[in-house]
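Take a look at the sequence and the 3D view first, then read on.

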Amino acid sequence: MMEDKQSAGPCASTTKPVVADVHKKITAAFTAFDYESNNTVDVREIGTIIYSLGCFPTQADLHDIIAEVEEDNTGFIALDKFLPVMTKVLLEHKFPPIPEDQLLQAFEVLDKEKKGYLVPEVLTHYLTQEGELFTQEEMDEMLTAFTDHQKNLVYYKDLISQLAADPGI
Amino acid sequence: MPPARWKILETDDTVKSPSPALTMKAAVLIQRWYRRYMARLEMRRRYTWNIFQSIEYAGEQDQLQLSSFFSFMLDNFTQLTGNGSDLISQLLDPVVDPWLDREICYNLIPVPESYTGPRLSFPLSVSDTNALLSAFKEQQTLHARYVLQLLYETKKLLKQMPNIIHLSTSYTNEITICGDLHGRLDDLLLIFYKNGLPSAETPYVFNGDFVDRGKKSMEVVSLLFAYLLLYPDYMHLNRGNHEDHIMNLRYGFTKEVMQKYKTHGREILQLFQDVFSLLPVATVIDGKILIVHGGISDQTDLDFLSSIERHKVKSALRFPRRSLEQLDIGHSCKRMRSTAGSRPSSHSKNQLSMPYTINVLQVPYLDSLSSVPPPPPPPQHDREWRQVVDILWSDPKPQEGCSPNTFRGGGCYFGPDVTRRLLLRHGLQLLIRSHECKQEGYEFCHGGQVITIFSASNYYEEGSNRGAYIKVGRELVPRFYQYQVSRTTRKLTLTQRVRVAEGSALKALKEKLFTHRSELLSSLQQYDQNNTGCVSVSDWAQAFESVLRLDLPWRTLRPHLARLAPDGSVDYQSCFEDMEPGIPLAQVTPNMAETLFRYRTDIEIIFNIIDKDHSGLISIEEFRHTWRLFSAHLGVDVDDRAVDDLARSIDFNKDGSIDFTEFLEAFRVVHKLDNKEQLNGKTAGGKCS
């Protein structure tokens, strides 16, 4: 990643977001999934698109947005419907990022004894039975990636730093 | 209900359980974070994919350029000095050496006692194919004598086969259909391991592109031909666009053969040429499923295709003369923007005072003038060429209609209506093709009437895609089996795989930037009239898109390619600071350097052709001559004296010959970061080719 030069003056970096720029950003993310080059995407990709634009919606939030923009149960979403809705979301900072320390607190709720780790079965139980349930596939992927395979434990502080270190696109 | 053993934990009074509401909140938070992370990972995977595909397609556009150059050279060969022309004409329009049609071509070759590889005995038996499998797994090379014999026998067999093979599921179990392998032995071995070796119970169709790009094309193709000889009723091979000696020159198979077979490489390649052109072009299962490598066009006629002499189409890239007109190199299509003069098109004027005419499309023929529109109906051999090329090179597209595939340089983009019509016309229900890499190894399109099947996993880079094969039984419903070869013993997580693939893609992309530096800079400077060194992100994206003509999400990629200035604009010089030339040569002007960088692969091929005895050396005169021709063809302004200076300076031994490998090393783009990482003892991530 190339490191941007630090901003010099007090107001140097806070440029007012120009709507045109926002439109371009949204369009670029959208077209990455527009496989048929006809300005539509499969509704199942909308979550990925919205997340990649820097937002942190819950599944419920996503369902609301989809309900607003989906083309009458066709399973597709058109750019011209998506663009104004998403622009509003970005300009109003509707789903702001959750700070890392809140994520740590969340894990500590589950790790009552503050051992610093969770047993995979416990984590699986919480994430597949509570909240906005993980699918088996999501759970498997998370465990494969983040379990310390020698000790068979999930050290969640490592997990958090990985999730947070993901470079901005 | 939590499992029983937790009940024990919960009754432990020293720890207070959180409220259910808090637990739920915590779970939602974690899920949200994780989903966001995975989504962004998926986004990175997508654009990495875009980069690889765009560069691959752009590379094939280069192939068109090279082919037209070959045609041009051949058509003007009387003006070339002695050696070069014979070589070129022999390689491009070969006359089959009659020697190779007789058994003497192989049985006079002695096999030394010291050779520990497989000794094949014909007709082949299962022990021979098993021996080949073990030998190749242990990195052994098959002796040239057996290679030649294998090819000789394969040629004999293929001569008896029709252009279109008809198979039936009623006598067999399911038929397995595999796509592109591109010299990936590991993938072939994995398929054989998962699915079984070819036999009466396990018949196979391999849908072309067995060679090029991968490093084990010889081994892959030897195995396929051996099984073909062993079980001609249960093993079926379709020709792909890479079963073509001119493609092999560029994409690695020729090089691999010459490296593995220093004495007999030439003969082996000549025999391959014949064998490739004799491969059937299509397979039909139960009269319902059509299998071809590329696709179809609105001109495809299976009855006509059955009747032609397929072996006459030796290479798709040796265009029948009249067809050259129909190819408009500057034509814009889905992925290209119209040339803004950045790449010399066929219409560029000769900017140098060269004695040659360079405009390929107007080279006068002996028998007719090329520039007479509209052309009369093409003669027989053109039609045959076109039918075969369409089958081997076409790609499906979502929109209706049929348009020339100028990107690939041959074949068409065919729409769902073309598919529908062809299937209807011949009573078919499905078209299975390969030719394009797909992330999951397979993909449906045209409302389920077309399947793309691709069997080389990790094609662009480790983790880039899965491979797949199809099994189809009497009910004619395809079933898909996916796999992915893992090169490392340590299992990579998705994150790691994405990171590696991404690193490789970005490297390849940066090389493109470097080799187009002067055009990019001049385009950027148009947006930066005050010479501040910065442009807005939009202008930056616009400049890159118009010069490189790669359909990529430039704004998304910007953080990897360029730095921002404090005011949020792009410091565009930062795009080029990561790379440098291999060995700086003082005599090379910037313009020349860029051309050399950009066309390095093509120049290498030309040198290889001229270097008759594969010594790695060519004479200064040949170098000078070739270089001038090539740059004249490209329309690049090159000073005669600069070429002479260059030639003299790289003749390090002052003996009148040039070691072109050394020369080309100087024009390999070196990534500075690689050097730094190597110094620090880390290994650079990902290969770049």
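Among contacts in chain A between residues at least 6 apart in sequence, 56% join residues at least 24 apart. A contact here just means heavy atoms within 4.5 Å. Of the 169 residues in chain A, 43% are buried, where buried means under 20% relative accessible area, with a 1.4 Å probe and protein chains only.

Some ground rules. This is a predicted model, in which local features need pLDDT of at least 70 and side-chain atom pairs count only at pLDDT 80 or more, while totals for chains, interfaces and linings use all residues. Residues are numbered from 1 along each chain as its sequence is written, chains are lettered from A and ligands numbered from 1 in the order in which they are written, and side-chain values use heavy atoms, leaving out hydrogens and water.

Chain A has eight helices and four strands. These are DSSP runs (helices: H or I, at least four residues; strands: E, at least two), numbered from the N terminus. Along the sequence they come in the order α-β-α-α-β-α-α-β-α-α-β-α.

Now for two helix pairs. Two packed helices are described by the angle between their axes and the distance between the axes. Axes are lines fitted to C-alpha atoms, for helices over the stretch in contact, and angles run from 0 to 180 degrees between N-to-C directions.

| Helix pair | Angle | Axis distance |
|---|---|---|
| H5(A) and H8(A) | roughly 150 degrees | within 10 Å |
| H3(A) and H4(A) | about 135 degrees | 9 Å |

H5(A) and H8(A) are therefore roughly antiparallel, a label for angles over 145 degrees. Among the residues in their contact are Leu103(A) and Phe107(A) of H5(A), along with Ile160(A) and Leu163(A) of H8(A). The residues of this contact split into eight nonpolar, no polar and three charged. Nonpolar covers Ala, Val, Leu, Ile, Met, Phe, Trp, Tyr, Cys and Pro; charged covers Asp, Glu, Lys and Arg; the others, Gly among them, are polar.

In the other pair, Ile65(A), Glu68(A) and Val69(A) of H3(A) touch Lys81(A), Phe82(A) and Val85(A) of H4(A). That contact has four nonpolar, no polar and two charged residues.

How far can you trust chain B? Its mean pLDDT (the predictor's confidence in each residue, from 0 to 100) is 76, and 67% of its residues reach 70 or more. Over residues 321-378 of chain B, pLDDT stays under 50. Where pLDDT is low, the predicted coordinates should not be read in detail.

Methods
Parallel < 35°, antiparallel > 145°, perpendicular 65-115°, else oblique. Buried < 20%, exposed > 50% of the residue type's maximum accessible area, 1.4 Å probe, protein only.
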